Amino acid sequence: MFGIKIIATGSYAPKKVLSNADLEKMVDTSDEWITTRTGIKNRHIAAKNETASAMGIKAGKNILEKSGIKPEEIELLVVATATPDMNFPSTACLIQTGLGLKNAVAFDISAACSGFIYSLSIVEQYLKIGTYSTAMIICTEKFSEIINWEDRNTCILFGDGAAGVIVKREEEQNTSVFKNIIKSDGKYADLLAVPDRKYIDMKGNTVFKIAIRSMGDITTEILKSCGLKTEDIALFIPHQANLRIINALGDLLKIPKEKVYINVGEYGNTSAASIPIALNEADEKGLIKKGDKIMFVAFGGGFTWGASIIEW
Ligand code: ACO
């Protein structure tokens, strides 16, 4: 078994910003209601012709530039998206050609907001047993396309964006942590779905409660299976859906506030892209140092959920 490491991050957010004040003009809501219930102030919205693959390519270029890795060195591209450009070809194939990843095998996965952790877990298997040496994950979401902009229950929550990482096999056996746990339960399919292939439909209140419980349980499980305590985690990056969910989770796990990364206020919920956008931002701000243990946790439609602990 080989060791593996995330060696580069990158992201892209569309230029257009939609604020709570803008939403006040579109539906019966208020900045005060949105802020107190969700912590969200702004979200980025893609241009009409800006697809998930177009955003993914921009994020991918950013990751490649920062990594110094050549496009032809990437052997595996996993793309997580709930908003693919079309049924087929996969968004991954479109991003592959846009980035010139001519030696990569490319495919999409569908796990809604848990897409980044599902992708990490897939890449982990291929790299650890040695099938590939260098993999790229891109999470790209254009939720603005599946939002009913007249539904105040959902239109305030989501935003568009893309982000990802390059993960590399370590040629020497290493002992650094790289652990993922993923779970799913289809009996909750109706609670959060795009039933008519058109708009998101969500029972927000129930989702809220199950999300906190599931993410609390899975983070406890992954810490235990790595033999770690919350004090060992340098930075906790939860899925950015709602500030109240993040705070409840932080309190449940007794993680000090300064160790919890939060940027939901600026992006809203960007589904699969939310954790890698936050990871990239935290890295660019210099908040992560070599050897730090970072914990991710996500929850989304399916239901799907998952947690990861990695060493930087
Ligand atoms: N502005 C003003 N009022 C609103 C709005 C709005 N945008 N949206 C709903 N309301 C009203 C409702 O109609 C309701 O009014 P009523 O009492 O007269 O019927 C009232 O506010 C309370 O509604 P609730 O749904 O009970 O409000 P709640 O406190 O649960 O907050 C929210 C709603 C923010 C959606 C919350 O349930 C939530 O965040 N759930 C999690 C959903 C989520 O994040 N999903 C994303 C995917 S899963 C994940 O990523 C974790």
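Reply: Helices (H or I, at least four residues) and strands (E, at least two) are DSSP runs, numbered from the N terminus. With that numbering, Pro 89 falls in the loop between strand 4 (76–80) and helix 4. Please keep in mind that this is a predicted model, where local features need pLDDT of at least 70, side-chain atom pairs count only at pLDDT 80 or more, and totals for chains, interfaces and linings use all residues. Residues are numbered from 1 along each chain as its sequence is written, and side-chain values use heavy atoms, with hydrogens and water left out.

Me: What makes the bond between Phe 88 and Pro 89 cis?
Reply: Its omega is about 0°. Another cis bond runs from Gly 302 to Phe 303, with omega near -10°. Phe 303 sits in the loop between strand 12 (293–300) and strand 13 (304–311). Most peptide bonds are trans.

Me: Why are helix 3 and helix 4 called oblique to each other?
Reply: The axes of helix 3 (residues 52–67) and helix 4 (residues 91–99) cross at roughly 45° and come within 9 Å. Axes here are lines fitted to C-alpha atoms, for helices over the stretch in contact, with angles from 0 to 180 degrees between N-to-C directions. Angles under 35 degrees count as roughly parallel, over 145 as roughly antiparallel, 65 to 115 as roughly perpendicular and the rest as oblique. Helix 3 and helix 4 are therefore oblique.

Me: Which residues of helix 3 and helix 4 meet?
Reply: With contact meaning heavy atoms within 4.5 Å, Ala 52, Ser 53, Gly 56, Ile 57, Gly 60, Lys 61 and Leu 64 in helix 3 meet Thr 91, Leu 94, Ile 95, Gly 98 and Leu 99 in helix 4. By class, this contact has six nonpolar, five polar and one charged residues. Here Ala, Val, Leu, Ile, Met, Phe, Trp, Tyr, Cys and Pro count as nonpolar, Asp, Glu, Lys and Arg as charged, and the others, Gly among them, as polar.

Me: How many aromatic pairs are there, and why is the pair of Tyr 126 and Tyr 132 called tilted?
Reply: There are six aromatic pairs in the structure. For Tyr 126 and Tyr 132, the ring centres are 5.3 Å apart and the planes stand at 45°, so the pair is tilted. Rings of Phe, Tyr and Trp (its six-membered ring) pair if their centres lie within 6.5 Å; planes under 30 degrees apart count as stacked, over 60 as edge-to-face and the rest as tilted. Elsewhere, Tyr 188, Phe 299, Phe 303 and Trp 305 make up one aromatic cluster.

Me: How do you know whether Ser 114 is buried or exposed?
Reply: Buried means under 20% relative accessible area, exposed over 50%, partly exposed in between (1.4 Å probe, protein chains only). Ser 114 has 0% relative accessibility, so it counts as buried. Leaving out residues up to four places away in sequence, Ser 114 touches Ala 298, Phe 299, Gly 300, Thr 304, Trp 305 and Gly 306. Tyr 126, at 29%, counts as partly exposed.
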